Amino acid sequence: LQLQIATGGSLDHLKGSMPNGAAIELRLCAEDVRNGFEPSSGPLLTLGLPQQENGVRVECGYLQGSRVSTAYDSLLAKIILFAESRE
């Protein structure tokens, strides 16, 4: 649907079947802020993630104590929050 909109299309054909609510996705990455946000490696000493409960989904490929490698993407986890409205 994003590609359809980007090429000038519309979503009029979906009226009445559009999902309700709002969501935001946060990406937690292993990056060095002091070095221009370059990917960072080493042991993951502390990892605190929210509980997966009403409106919260956590997708994480690491555990506390895991070793983060620069051989892969710096993405550690995605946190997705959903609610009935943006408020």
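Is Cys-60 buried, partly exposed or exposed? Cys-60 counts as partly exposed, because its relative accessibility is 32%, where buried means under 20% relative accessible area, exposed over 50%, and partly exposed in between (1.4 Å probe, protein chains only).

The model is predicted: local features need pLDDT of at least 70, side-chain atom pairs count only at pLDDT 80 or more, and totals for chains, interfaces and linings use all residues. Residues are numbered from 1 along each chain as its sequence is written, and side-chain values use heavy atoms, with hydrogens and water left out.

| Residue | Relative accessibility | Class |
|---|---|---|
| Ser-74 | 13% | buried |
| Cys-29 | 29% | partly exposed |
| Cys-60 | 32% | partly exposed |

No disulfide (a pair of cysteine sulfur atoms within 2.5 Å) is found in a search of the whole structure. For Cys-29, the nearest cysteine sulfur belongs to Cys-60 and lies 11 Å away; this separation is too far for a bond.

Ser-74 lies in the loop between strand 6 (67-68) and strand 7 (75-83); strands are DSSP runs of E of at least two residues, numbered from the N terminus. Beyond its neighbours within four places in sequence, Ser-74 is in contact (heavy atoms within 4.5 Å) with Leu-28, Cys-29, Ala-30, Glu-31 and Pro-39.

Ala-30 also belongs to the largest nonpolar core, whose six residues include Leu-47 and Tyr-62. Such a core is a set of buried Ala, Val, Leu, Ile, Met, Phe, Trp, Tyr and Cys residues joined through side-chain atoms within 4.5 Å. Leu-47 touches Leu-28, Cys-60, Tyr-62, Leu-63 and Gln-64, with residues up to four places away in sequence not counted.

Methods
Helices (H or I, at least four residues) and strands (E, at least two) are DSSP runs, numbered from the N terminus.
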